[in-house]
Amino acid sequence: MYNTIEELLQQSAATGKTLHRIILEEEMALTDCDEKTIYDRMRQRYQVMRASAQKALNAPQQMVLGLISGQSAKQETYAAGESVCGSFLNKLMAMALSSSEVNASMGRICAAPTAGSCGILPAVLLAVGERYHATEQQMLDALLVAAGFGAVITRNATVSGAEGGCQAECGAAAAMAAAAAVTLAGGSPQMAANACGIALMNVMGLVCDPVAGLVQLPCSFRNASGAVNAVISADLALAGQDPKIPADQCIDAMYKVGKKLPMELRETALGGIATQPAGKAYKEQLRNL
């Protein structure tokens with residue numbers, strides 16, 4: 001049984017077990033399911049993630065107002081050429097944007113941890129997995145690590161934008177994805193924890209201000225930037241950078257900061273960019289549909 005990231009690390013050190021094994025055994029105990037059943041369920045979710053991260057790369061999705069339709073295809077095309085960030089990060093962003101488009105078009109996604117942040121973990125898993133030539137089993141093990149870290153965040157804080165702002169949605173997704181990326185890269189449990197904490201530090205205080213109340217803008221861009229946040233956090237941790245503040249304390253800080261955010265900045269579309277003239281215009285356009 002674990003309730004914190006530190007407890008996960010302690011169990012791994014005491015038993016010599018990997019993080020994914022500890023998380024798997026906890027899931028088996030909680031659900032009364034065997035290992036095969038757990039992995040079968042993870043495989044189903046992974047397949048949904050893969051599909052959503054690829055669906056819009058070449059086929060713009062249609063949605064109400066269409067604020068983000070075609071974003072993924074545009075980034076995918078751009079990724080093939082010369083760019084500031086290079087093909088890896090641009091492909092990563094394209095896949096994160098794809099899941100966001102699928103979500104906005106009422107398509108099938110895996111809310112990990114939420115629908116509004118559904119593009120981050122799939123994009124990171126696929127991009128990093130490809131870079132390290134990961135097998136499907138390794139991908140599922142990394143997904144288990146992400147799930148375990150997400151469970152701790154959910155237990156001790158929140159992943160709800162309405163409760164804690166976008167730091168709770170895209171921040172938690174990036175933290176989960178960063179831990180998964182470290183796992184795929186062969187990093188230690190401590191490195192996975194450090195990556196989680198760094199990812200949360202990077203977006204501390206991020207508000208939730210959806211234009212016209214739709215999960216389109218700025219959500220899609222925050223999925224793209226959240227995926228990038230995850231991989232740079234992973235690299236910082238893999239390089240041996242010490243965030244000094246333990247992951248559990250970063251989770252606690254995120255929760256307390258989210259509670260202090262005014263109601264207008266927690267998914268109500270009553271603050272932030274949603275209340276700028278262009279945002280209000282889209283809201284009126286939606287009202288007149």
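I started at Pro218, which sits in the loop between helix H10 (189-202) and helix H11 (219-238). I'm keeping in mind that this is a predicted model. The peptide bond joining Leu217 to Pro218 is cis, with omega at about -5°.

Next I went to Pro113, in the loop between helix H5 (86-104) and H6. I found a cis peptide bond here too, between Ala112 and Pro113, and its omega is about 10°.

While in the loop between H5 and H6, I also checked Met106. Its phi is near 65°, a positive value in a residue that isn't glycine. Is Met106 buried or exposed? Its relative accessible area is 74%, over the 50% cut-off, so I noted Met106 as exposed.

Then I looked up Glu267, in the loop between helix H12 (247-260) and helix H13 (277-287). Phi is positive for Glu267 as well, near 70°. With a relative accessible area of 36%, Glu267 goes down as partly exposed.

On to helix packing. How do H6 and H7 pack? Helix H6 (residues 120-131) and helix H7 (residues 136-156) meet at an angle of about 145°, and their axes are 11 Å apart. I logged the crossing of H6 and H7 as right-handed. From H6, the residues in contact are Leu121, Leu125, Leu126 and Gly129; H7 brings Met139, Ala142, Leu143 and Ala146. Sorted by class, that contact has seven nonpolar residues, one polar and no charged ones.

Last, the rings. I looked for aromatic pairs and the count came to zero. I did find Arg131 over the face of Phe88, 4.1 Å from the ring centre.

Methods
Residues numbered from 1 in each chain as written. Predicted model: local features only at pLDDT ≥ 70, side-chain atom pairs only at ≥ 80, totals over all residues. Heavy atoms only, no water. Phe/Tyr/Trp six-rings, centres within 6.5 Å; stacked < 30°, edge-to-face > 60°. Lys NZ or Arg CZ within 6 Å of the ring centre and 35° of its normal. Axes fitted to C-alpha atoms, helices over the stretch in contact; angles between N-to-C directions. Helix = DSSP H or I, 4+ residues; strand = E, 2+ residues; numbered from the N terminus. Left-handed = near helix turned anticlockwise from the far one by under 90°. Contact = heavy atoms within 4.5 Å. Nonpolar A, V, L, I, M, F, W, Y, C, P; charged D, E, K, R; others polar. Buried < 20%, exposed > 50% of the residue type's maximum accessible area, 1.4 Å probe, protein only.
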